[in-house]
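User: Hi! I am new to protein structures and would like to go through this one with you, step by step.
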Amino acid sequence: MVACARHRLPLFAVHESVAFATITEHVVRQVSGERAGDLAAVVDRHRRMMTSGPAGGGPDVVLDLLGSDLDLRAWVLSPTGRLIAGSKTSGPALPADVCARLAAEHLAAGRTGRRAPHRVTLGSTTYSLFPVRSAGRTPQPARDVRETVLSEWLLAVEADAGDWAEERLDLLHGVTQLISVERDRRDAARTVRRRLAQEVLELVQSGAAPAEIAARLRVAAPVLLPGLGAAPHWQVVVARVEWESGEADSGRAAQTLLEEILVDPVATGPEHSDRIAVAHAGEEAIALVPLPAVAGEHDGSETGILADALLESVRDPLTAGLDGDGRVTLGVSAAVHSAEGLRGALEEARHARRVAAARQGRVCAAGHQELASHVLLLPFVPDDVRRAFTARLLDPLRDYDRRHRAELIPTLEAFLDSDGSWTRCATRLHLHVNTLRYRVGRIEQLTGRDLSRLEDKLDFFLALRMS
């Protein structure tokens, strides 16, 4: 009592039945509420600065405030799990797999219309996810949610917001609104690129003269690749989002998603990482991608975008987020040197997307290389014909494998991959050649086909590809 009086500290009498943890929690909540109120005022001032002039450091500044004033580690993520911003006090950047998991949970929660914040526990760490929506936009259930869920950023906070006071929740809502100013600013910066892409697309689809298309491309090139000395090569990427309910503007959803997928994650600053022009026509989004020209006769395709590489970092979060409700399919053309090749590149990318759509999975892509083989025909075979064809050839083998564990299907695949070579196939399967001959004989007996005939080999090959 004497010490408290000397240091001017308040002294409270508490009944001995009250636990020390209860006292601590009460004091922390009071202090936290006061600090949240103080920080809310700072955030409000920062919002006014950002809305009245150029961005003062972007989302990182706001996240620094959360870290320094409320000890909250927070990050801003894209819907595909790309790390957009993090505070200096947040420590090391979130691992890519954690970003992907958080983005997937955010997509799934947003798609079902669950109320934010969404709480996710990964290992021993709990995160609270807050959507970052465009300023002044309040999504409605169903249709409007589907239009925005693939374009929303999210604020991930390393904390459990389930027991937060209203003051703190209101503060985080204000923070998301502040970040949305930067989100809208970056989106507005895409307007010129979108318009250029739309103009080029309309010229190509209307059959305009190559000289007219080339003139428009010369205008687009400096905007998309500033400082480029020579005329670039171009690639076309086509994307489509399909909702199983058939609702929502899938063209716009595909456009915003394709812009996100095509952002260069290693470039510094939005002005360097975001140079892709994406238009949309009907239910498709179409991207015009500039590539640095390659000297000589090289067509530049090896330096361009590859279909599998496009989806490498986004497949998992999108697959988890769209599970049970939607699909994303992409097609990529080869690089073309001039306006004359752009129409063919567009058709090539569209055909590649149809090949991707014929595959199993929520998120699929196909490149121009696949259009030079038999797989080009597969997407145009009706589903009932595909099922009947594969069932007639493969069901007897599957039934036999189920009953006898004979591995006839894997043997058939290995035999065809080995171009019918007994020695190579036996080596690959670690079998004696006589055992391999017995299995192939059993395949022929069950199906009535002859694997020494090219026609029967081709039928089996296509059946395996379509199954």
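User: How many aromatic pairs does the count come to?

Analyst: First, a word on the model: it is predicted, so to speak of local features we need pLDDT of at least 70, side-chain atom pairs count only at pLDDT 80 or more, and totals for chains, interfaces and linings use all residues. Residues are numbered from 1 along each chain as its sequence is written, and side-chain values use heavy atoms, with hydrogens and water left out. Rings of Phe, Tyr and Trp (its six-membered ring) pair if their centres lie within 6.5 Å; planes under 30 degrees apart count as stacked, over 60 as edge-to-face and the rest as tilted. By this rule the number of aromatic pairs is 3.

User: Is the pair of Phe 130 and Trp 164 stacked, edge-to-face or tilted?

Analyst: A pair of aromatic rings is described by the distance of the centres and the angle of the planes. Phe 130 sits in strand 4 (residues 125-132), and Trp 164 in the loop between strand 5 (153-157) and helix 6 (166-189), 34 residues apart; helices (H or I, at least four residues) and strands (E, at least two) are DSSP runs, numbered from the N terminus. The ring centres are 6.3 Å apart and the planes lie at 20°, so the pair is stacked.

User: Which element gives the largest share of the lining of the largest cavity?

Analyst: On a 1 Å grid over the protein atoms alone, a cavity is a set of points where a 1.4 Å probe fits but cannot get out, and lining residues have an atom within 4 Å of a point. The search finds 1 cavity of 30 Å³ or more, and the largest cavity holds about 100 Å³ of space; grid points are joined across faces, edges and corners, and a volume is the space filled by probe spheres set on the points. Its lining includes Ala 197, Val 236 and Leu 342. The largest share, 4 residues, comes from helix 7.

User: How are helix 15 and helix 17 placed relative to each other?

Analyst: Axes are lines fitted to C-alpha atoms, for helices over the stretch in contact (heavy atoms within 4.5 Å), and angles run from 0 to 180 degrees between N-to-C directions. Angles under 35 degrees count as roughly parallel, over 145 as roughly antiparallel, 65 to 115 as roughly perpendicular and the rest as oblique. Helix 15 (residues 408-417) and helix 17 (residues 433-447) pack at about 105°, with axes 10 Å apart. The two helices are therefore roughly perpendicular.

User: And how does helix 14 lie against helix 15?

Analyst: Helix 14 (residues 383-404) packs on helix 15 at an angle of about 130°, with the axes 8 Å apart. That makes helix 14, relative to helix 15, oblique.

User: At roughly what angle do the axes of helix 16 and helix 17 cross?

Analyst: In this contact, Trp 422, Cys 425, Ala 426 and Leu 429 of helix 16 meet Val 433, Leu 436, Arg 437 and Val 440 of helix 17. The axes come within 9 Å, and they cross at roughly 100°.

Key:
1 Å grid on protein atoms, 1.4 Å probe; cavity = no way out; pocket = protein on both sides within 12 Å on 5 of 7 lines; lining within 4 Å.
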